[in-house]
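Subject: Structure for you to look through

Hello,

Please find the structure below. Have it open while you read the notes that come after it.

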Amino acid sequence: MEEIVQSFFNAEIAEAAMPIVLAGLLNTILLSLLVVPLGFLGGLILAVLAQVRNPAVRWPLMAWVDFFRAFPPLVLLVLLFAGLPFAGVELGGFACVAIAFFLNTGAYYGEILRAGIESIPHGQVEAARSTGLSGLQTMTYIVLPQAVRNVLPDLLSNTLEVVKLTSLGSVVAVPELLFQARQAQSVTFNATPIVMAAVIYFLILWPVVRLLSRLENRAAAGRG
Amino acid sequence: MAYPIVAAHGIHKHFGQLHVLKGVDLEVEERELVFVIGPSGSGKSTLLRCLNRLEEPSSGSITVAGIDMLSPRTDINHARQHIGMVFQSFNLYPHMTALGNVMLALRKVAGKSRSEAEDIAQAALERVGLADRAHHRPAELSGGQQQRVAIARAIALEPRVMLFDEPTSALDPELVGSVLAVMRSLRESGMTMIVVSHEMGFARAAADRVVFMDHGLIVEQGPPAQIFETPAHERTRAFIGQIRQH
Amino acid sequence: MNSWNRFVETFFNAKVMAKYLPDILYGTVVTIELAVLVVLAGLAAGLVLALVRSLAIRPLNWLIIFVVDLFRSLPPLVIIVLLYFGLPSAGWSPSSFVSTWLSLALVLMAFAEEIFWAGITSVAKGQWEAARSTGLSFGQTLIYVVLPQALRLTIAPLTNRTIAITKGTALGTVVALHEILGMASSAVSNSYNPSPLMMGAAAYIVLFLPVVVAARWIETRFAWKR
Ligand SMILES: Nc1ncnc2c1ncn2[C@@H]1O[C@H](COP(=O)(O)OP(=O)(O)O)[C@@H](O)[C@H]1O
Ligand SMILES: [Mg+2]
């Protein structure tokens, strides 16, 4: 018991590692603030393009989305980080994370938003078009606001996954929470900093998980 | 001399294999109220939706208020300001208030300022008797009130023609009267209207002309009394008989 | 033309590819083994937790909810790192395979439990009452009446979530697991050539793209009615 406390909940080490870990937390927050809007934007573009009925647009788009749903984000990240330099393109870890997330999480946001858009009755579009609104105006003012509301739980759930996914940044030396914790661990030879990181993730994301769980169960009960 | 404000000639519409409109000719004069009746599936809705090009006709020509609706050079969004449409299912925007519903196209299509659009929208709601419901969401309104907001949304743009596609069919019987009253006052103000509906009483009282459609064609047309009392065609007679029984 | 040749020569170098093909194939086998074990364990554990939860035993339910929330909140990579680097000081040194498998299985378990539970609660109360009124037991009602309806609702979200979590097998590379990405990465540093990485990427596509396409088909067949 004593030994477990010493190696996982060591107060001395926790105190020493705190500034390092907190610096990581700050970067995780900043990273999330970058990649969530970026992925959402990517998804928005995909979802709106998916409304084009032309098969020349539709099929490549679906292939694009399925490709990135099939591709592990870490592999994408490593490909950008370790592969691109051979083509003479040297991007930092941070830029690689941004691009990988734009592509990967964009595909997920895109699928969610597409489902949202398709949940809006066609009469809404017709009413808007009958008053002279253009296709893009109809999308912006009528369809998207309702679509986003309809799939809010799914968007939130995906955003939770995106925030968790920022931990991949540690693999390409982005000093986010997990990276900093591992640095501290390798210096102290003690698992306490990693436990700290886990606790921080849990404390921050638990309320979101609770909220989601409620929304999901309410939606399920409503269907019954 | 009155010239037709709506002139549709030789309208055909195919949905894949299905031939829904088989060469419809319809002219409507300014201030005229034309009533369109016919069995379900005869193509009434499709015809209305071709007039403002929500549906693309397969062939034919359509002019509304002097605008060639089918020309690729026509800015269709701009043209649609001149043709209001009211739907069976209201299609109000649920995420906006009644006022917001009416204001949107005023701002984004007609390019009015916020305060100007608000004044016009408020006046339009007043015309349909709902000034006091301006800040309610559609979900907080009865079906009849929702449909009147939908009418306000269309007339706020000062259209030259109004299209009504079964505006009262989705309403509980006790709410139909309020919508018909608004339509009647619109008619009295001189609005040109094309109305698809089964409200025979309204047709008798307000229509200048009744058009009977079946299987994608206009079978016959004339003043309400003539169509209802002495129809020339057997199909018209059968249809009117059916409606009477309800 | 020249630069195109150089590009192909660099990223799709035949000699390098031939040399490291066995490594990538080995990694592919590891990835498949890991993925299958994660899916089996995760789904089974998730279903068991959801069934236990339907018994409505208060303290047990709180525990289940806490465990589920925990593994939905933590990034899988954090769990893997914690198990692999942390557990040895507690006296158990799981291999990189076991650490990765256990972490991903726990995460899938948590998500699967939520989805199964949502499915079970979505079946109307009247169904329970009707079944029980005909004399079916609690267990019989669950198995013959409720689960068949619930599973239909769960199949699409469950498939998507399972794919997303199974792709996480690549995370094992962080704890030196010799799966596809791990093998490809070390081949790149040994050969100073990115071709093995391209092979690895291709292997992932070959493994997962058919599953994603199948999932899309399933989604349209068993769509959640929203
Ligand atoms: N978008 C569409 N796609 C395919 N068929 C359609 C479409 N809209 C209408 N139809 C068909 O066209 C015919 C006429 O429909 P409609 O104009 O709605 O008739 P009405 O309004 O007179 O009841 C019907 O057979 C209907 O099924
Ligand atoms: Mg109709």
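This is a predicted model: local features need pLDDT of at least 70, side-chain atom pairs count only at pLDDT 80 or more; totals for chains, interfaces and linings use all residues.

Residues are numbered from 1 along each chain as its sequence is written, chains are lettered from A and ligands numbered from 1 in the order in which they are written, and side-chain values use heavy atoms, with hydrogens and water left out.

Chains

Chain A has 10 helices and 0 strands. Helices (H or I, at least four residues) and strands (E, at least two) are DSSP runs, numbered from the N terminus. The C-alpha atoms of chain A fill a box of roughly 70 × 50 × 25 Å along the principal axes. Of the 2 pairs of chains that touch, A and C have the most contacts; contact means heavy atoms within 4.5 Å. Chains B and C do not touch, and their nearest C-alpha atoms are 17 Å apart.

First sheet of chain B

In general, strands of a sheet pair through backbone hydrogen bonds, either parallel or antiparallel. Here two strands count as paired if DSSP finds at least two bridges between them. One open sheet of chain B has 4 strands in the order E2-E1-E4-E5, with antiparallel pairing. Strands E2 (18-29) and E5 (67-68) of chain B stand at the edges with a single partner strand each, so one side of each has no neighbour in the sheet. Helix H1 (residues 44-51) of chain B packs on this sheet and touches E1, E2 and E4 of chain B, and its direction makes about 60° with that of E2(B). For such angles, axes are lines fitted to C-alpha atoms, for helices over the stretch in contact, and the angles run from 0 to 180 degrees between N-to-C directions.

E1(B) and E2(B) run antiparallel and are joined by 9 bridges, with Ile11(B) opposite Val24(B) in E2(B). Their hairpin has 2 residues between the strands, and Gly16(B) takes a positive phi near 60° there. Strand E1 (residues 4-15) of chain B also pairs with strand E4 (residues 59-64) of chain B, in the antiparallel sense over 5 bridges. In E4(B), Ile62(B) is the residue opposite Ala8(B).

Another open sheet of chain B has 6 strands in the order E6-E7-E8-E3-E9-E10, with mixed pairing. Strands E6 (83-86) and E10 (217-222) of chain B are at its edges, each with a single partner strand, so one side of each is left without a neighbour in the sheet. E6(B) runs parallel to strand E7 (residues 161-165) of chain B, joined to it by 4 bridges.

Ligand 1

Which residues are around ligand 1? Among them are Phe15(B), Leu18(B), Pro39(B), Lys44(B) and Ser45(B), where near means a heavy atom within 4 Å. H1(B) gives the most to this shell, with 3 residues.

Some polar contacts, meaning pairs of N or O atoms within 3.5 Å, can be listed:

- A backbone N or O atom of Gly41(B) is 2.7 Å from an oxygen atom of ligand 1.
- For Gly43(B), a polar backbone atom is 3.0 Å from an oxygen atom of ligand 1.
- For Thr46(B), a polar side-chain atom is 2.5 Å from an oxygen atom of ligand 1.

Regards

Note on methods. A polar contact is a pair of N or O atoms within 3.5 Å; within protein, one must be able to donate a hydrogen and the other to accept it, and residues adjacent in sequence count only if both atoms are side-chain atoms.
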